[in-house]
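Subject: Structure for your review

Dear colleague,

Please find below the structure that I am handing over to you.

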Amino acid sequence: MTRLLLVAAALLILALPAIADNYVLRVATTMLMYSALALGWNFIGGFAGYPSFATAAFFGLGAYASGVLQTKGLPMVAAWLLAGAIAALFAAALGRAILHLRGHYFAIASLVVAEVLREVTNSATDLTGGGMGLNLPVLSADVTTQARLFYYATFVVAATALATAALVARDRLGFGLRCIQQNEDAAIVLGINTRRYKVVAFTLSAVFPGLCGAIYASWVNYIDPTDVYDVLLSVKPIVMVLLGGAGTVLGAVYGAFLFLLMEELVWRNLLEFHAGLLGIIVVCLVLFLPHGLRGGGWAFWRGRMGEAAP
Amino acid sequence: MSAMLRLVNVFRRFGGLVAVNDISFELRAGEIVGLIGPNGAGKTTLVNLITGVHRPGGGEIWYGRERIDRLSPDRIARRGIARTFQIVQPFPHMTVLENVAGGALFAGGAPTIREAKDRAMEHLEFTGLSALAERPASALTLANRKRLELAKSLATNPRLLLLDEVNAGLNAAEIDAALDLTRMIAERGITILLIEHMMKVVLTVTSRVLVLHHGELIADDTPGTVTRDPRVIEAYLGPKFATRYGSAAP
């Protein structure tokens with residue numbers, strides 16, 4: 001059933017450019033990008049249970065790596081791939097430094113990373129243009145072709161992220177990460193090299209946001225530090241995964257879809273208070289739906305009803 | 001018989017507290033050895049040193065021909081030293097079967113998750129938990145959680161098993177069952193270090209007892225001799241009682 005649904009969804013996604021206008025295509029590209037970000041965060045935040053706020057750092061790093069490489073004359077797709085690799089290497093090194101921290105301490109440490117990178121980007125004016133931002137080479141193709149190109153590119157990233165998540169979930173890597181998430185001390189005693197497992201999960205959580213950032217930079221043609229290192233880029237994927245169910249493979253995708261729906265339908269009518277609403281949603285999710293809308297998401301309510309019943 | 005585990009002048013301090021002071025002993029293959037001592041004697045610290053959670057400040061720990069006091073805990077687990085925790089440490093949202101399969105998969109050398117689950121089932125049968133295999137670990141009673149701890153550590157395919165107060169918090173009947181299980185594990189050829197608070201428990205199953213007091217090893221002998229040792233009595237009951245008991249004893 002799930003498989004059939006997936007095939008149908010994939011067909012719809014592939015056929016969408018032929019049947020939809022550029023606005024729908026743009027929303028759909030954002031949706032795919034959100035999915036890739038959420039699927040990325042799910043590796044470290046969902047499977048391993050480490051609340052990472054570093055997604056914005058990886059996204060921004062990917063965007064700037066892609067931008068700088070392209071202004072140096074590298075072809076676009078090569079720059080994207082290299083940017084993804086740079087984000088991954090950065091995460092692997094950073095992970096070794098901060099993954100021994102647990103809980104809130106790890107969250108804070110990962111939160112600062114984007115701030116540090118933002119300041120570095122700001123001061124490296126020669127390379128990045130600093131606060132002035134960075135203009136990317138403009139593609140010599142018409143608007144519709146460009147829209148389709150970025151749509152398909154984002155689709156490839158999201159699909160790869162989904163396939164990776166499905167593989168990891170079945171593999172000993174996923175098993176080990178779930179053990180770490182539930183009880184790290186016990187995981188060590190079972191012989192799990194927790195440090196290596198966490199670094200792998202953190203690296204996976206960087207590759208896909210890094211690639212998204214790289215594509216995003218080419219898509220919008222102009223990036224600046226405040227835009228690509230925006231803390232909301234770290235928070236949104238967490239909300240999506242919590243909506244869909246942390247540690248599940250498809251939860252991140254459902255969450256991304258629901259989130260974008262809310263963002264498009266509700267939030268543009270709440271210009272003054274949309275960040276406030278985001279906060280309220282996070283609080284409600286954590287308190288009432290700790291397992292998301294899927295996977296026994298209503299257990300809390302059932303539990304409440306059960307207690308109330310005689 | 002050669003030593004399976006050998007501690008040589010092991011020392012560890014935490015700040016100003018010397019938790020383990022200059023301890024040397026050997027465990028031989030196939031033995032059940034008790035490790036007793038009053039609260040805060042350093043028993044759990046000693047376990048943490050052997051399993052690599054803490055590193056000794058001085059001294060050496062040998063496992064067979066390999067020195068292990070610089071290895072990481074996960075490596076030591078894969079070498080064949082398993083432990084249970086004083087406070088049980090299950091993976092609460094996994095099934096009982098998955099909990100045990102983890103041990104078989106990572107330290108136990110099972111090549112696939114399927115194979116790990118097959119092996120886990122055998123350990124569940126051995127520990128009497130097979131009826132609860134598909135329950136989440138968080139749903140178990142304390143006695144069964146202690147059994148789960150045992151099953152998990154057996155699944156890592158250990159040669160040496162450190163049991164840290166597996167009987168604490170159990171009632172008399174449950175303790176008897178747990179001791180039977182301990183004997184059955186030893187019959188499989190697994191060396192056991194039984195860390196206990198209650199002396200009575202240790203005396204019934206062990207062939208040798210180590211007594212820790214204030215981080216020092218004050219006795220290493222058969223259970224019968226150890227219980228008559230005035231220093232051990234003093235450590236447990238205070239000097240006054242030891243003098244009185246000593247003079248009254250034949």
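Predicted model: local features only at pLDDT ≥ 70, side-chain atom pairs only at ≥ 80, totals over all residues.

Chain B contains an open sheet of six strands, in the order 6-7-8-3-9-10 and with mixed pairing. Its edges are formed by strand 6 (81-84) and strand 10 (216-221) of chain B, each of which pairs on one side only. From one strand to the next, the twist averages 15 degrees.

On one side, strand 8 of chain B runs parallel to strand 7 of chain B, to which five bridges join it; here B:Leu163 has B:Leu194 as its bridge partner. Strand 3 of chain B is also parallel to strand 8 of chain B and is likewise joined to it by five bridges, with B:Ile32 standing opposite B:Ile192. Six of the six residues of strand 8 of chain B are buried. This holds for both faces: B:Thr191, B:Leu193 and B:Ile195 are buried on one side, and B:Ile192, B:Leu194 and B:Glu196 on the other.

The antiparallel part of the sheet includes strand 9 (residues 208-213) of chain B, which pairs with strand 10 of chain B over five bridges. In this pairing B:Val209 stands opposite B:Asp221.

Helices across the sheet

Helix 9 (residues 230-237) of chain B lies across strand 9 and strand 10 of chain B, at about 130 degrees to strand 10 of chain B.

Helix packing

In chain B, helix 3 (residues 96-106) packs with helix 5 (residues 142-155) at an angle of about 30 degrees, the axes being 6 Å apart. Helix 3 and helix 5 of chain B are therefore roughly parallel to each other, and their crossing is right-handed. The contact brings B:Val96, B:Asn99, B:Val100, B:Gly103 and B:Ala104 of helix 3 to B:Leu148, B:Ala151, B:Lys152, B:Ser153 and B:Ala155 of helix 5. By class, these are six nonpolar, three polar and one charged residues.

In chain A, the axes of helix 3 (residues 55-71) and helix 12 (residues 232-244) come within 6 Å and cross at roughly 125 degrees. That makes helix 3 of chain A oblique to helix 12 of chain A; the crossing is right-handed. A:Thr55, A:Ala56 and A:Phe59 of helix 3 make the contact with A:Leu233, A:Ser234 and A:Pro237 of helix 12. Four of the residues in this contact are nonpolar, two are polar and none is charged.

The contact between the chains

In chain B, 19 residues are in contact with 16 residues of chain A. Helix 2 (73-79) and helix 3 of chain B each supply at least two residues to the side of chain B that touches chain A. That side divides into ten nonpolar, five polar and four charged residues.

An exposed loop residue

B:Ile87 is located in the loop between strand 6 and helix 3 of chain B. B:Ile87 counts as exposed because 11 other C-beta atoms lie within 10 Å, and the class covers residues with 12 or fewer. From C-alpha to C-alpha, B:Ile87 is 23 Å from B:Glu125, with the two 38 residues apart in sequence.

With kind regards

Note on methods. Residues numbered from 1 in each chain as written. Chains lettered and ligands numbered in written order. Pairing = 2+ DSSP bridges. Helix = DSSP H or I, 4+ residues; strand = E, 2+ residues; numbered from the N terminus. Axes fitted to C-alpha atoms, helices over the stretch in contact; angles between N-to-C directions. Contact = placed C-beta atoms within 7 Å. Parallel < 35°, antiparallel > 145°, perpendicular 65-115°, else oblique. Left-handed = near helix turned anticlockwise from the far one by under 90°. Nonpolar A, V, L, I, M, F, W, Y, C, P; charged D, E, K, R; others polar. Buried ≥ 20, exposed ≤ 12 C-beta atoms within 10 Å, placed from the backbone.
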